[in-house]
Amino acid sequence: MNRSASRTLLQLGALGTLGTLAVGSSAWAATVQLKLEVPRLNVAEYHRPYIAVWVEKAGESGPAVAQLAVWYDTKKQNNAGTKWLKDMRQWWRQGGRNLSVPADGVTAATRAPGEHAISLDTSAALAALPPGKYEVVVESSREAGGREVQRLPLTWPVKAAATEKAQGEHELGALELTVKP
């Protein structure tokens, strides 16, 4: 690593921004962005969806290897929004129940209908993944609504630019995972 890159990493660490990522980690070498659409539903009682994004080993049913994002109602008094997290059943079983919320860099407030982008390449959990084939899993659940899960393939570390797409049926809209080395 050259002196300029080392200085930049040290400055970031001094600012407390991404300071937990290891120097030279693969997250610095790749761009990973997830675009997801929260559809506008025509229902009498609309609640913003809770959404979880995590990474699992491809083809294996086991615990999440990286928690990337959890959107839930953070405004409820006494942290009551956490009561509904278990409605994202697959995420809950794959490691959500073990996640202490709020989790810095992972949890955030629910989002309104529309397209949203999540930059995943700054995630320390993603940077720590050993090489292999994975799936980025997106689950959405709404109070007085439905639940949906979509999966997008991811090969780590990223060696070539690629775009993977999926289309939700009711609780999720279009999903697009873009990776660049």
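A cavity is a set of grid points where a 1.4 Å probe fits but cannot get out. In this predicted model, a search of the whole structure turns up 1 such space of 30 Å³ or more. The largest cavity has a volume of about 40 Å³. Its lining is made up of Y50, W84, D87, S141, R142 and E143, a set that divides into 2 nonpolar, 1 polar and 3 charged residues.

Strand β2 covers residues 50-57, and β6 covers 132-141. The two strands pair in the antiparallel sense over 8 bridges, and within this pairing A52 has E139 of β6 as its bridge partner. Both strands belong to an open sheet of 5 strands, which runs in the order β4-β3-β2-β6-β7 and has mixed pairing. At the edges of this sheet lie β4 (107-109) and β7, each of which pairs on one side only. Neighbouring strands here are turned by 15° against each other on average, direction ignored.

A second open sheet holds 4 strands in the order β5-β1-β9-β8, with antiparallel pairing. Its edge strands, β5 (114-119) and β8, each pair on one side only. From one strand to the next, the twist averages 15°. Inside this sheet, β1 (residues 31-38) and β9 are joined in the antiparallel sense over 6 bridges, and L34 stands opposite L177 in β9.

Strands of the two sheets come together again around an open space, the second largest pocket. About 190 Å³ of space lies in this pocket. Of the 13 residues that line it, P153, L154, T155, A162 and V179 are the closest to its centre. Four strands each supply at least two residues of the lining, namely β6 (132-141), β7 (147-156), β8 (162-167) and β9 (174-180). Strand β7 gives the most, with 3 residues. By residue class, the lining of the second largest pocket divides into 9 nonpolar, 1 polar and 3 charged residues. For the largest cavity, the corresponding division is 2 nonpolar, 1 polar and 3 charged.

Note on methods: Residues are numbered from 1 along each chain as its sequence is written. This is a predicted model: local features need pLDDT of at least 70, side-chain atom pairs count only at pLDDT 80 or more; totals for chains, interfaces and linings use all residues. Side-chain values use heavy atoms; hydrogens and water are left out. On a 1 Å grid over the protein atoms alone, a cavity is a set of points where a 1.4 Å probe fits but cannot get out, and a pocket is an open set with protein on both sides within 12 Å along at least five of seven lines; lining residues have an atom within 4 Å of a point. Grid points are joined across faces, edges and corners, and a volume is the space filled by probe spheres set on the points. Ala, Val, Leu, Ile, Met, Phe, Trp, Tyr, Cys and Pro count as nonpolar, Asp, Glu, Lys and Arg as charged, and the others, Gly among them, as polar. Two strands pair if DSSP finds at least two bridges between them. Axes are lines fitted to C-alpha atoms, for helices over the stretch in contact, and angles run from 0 to 180 degrees between N-to-C directions.
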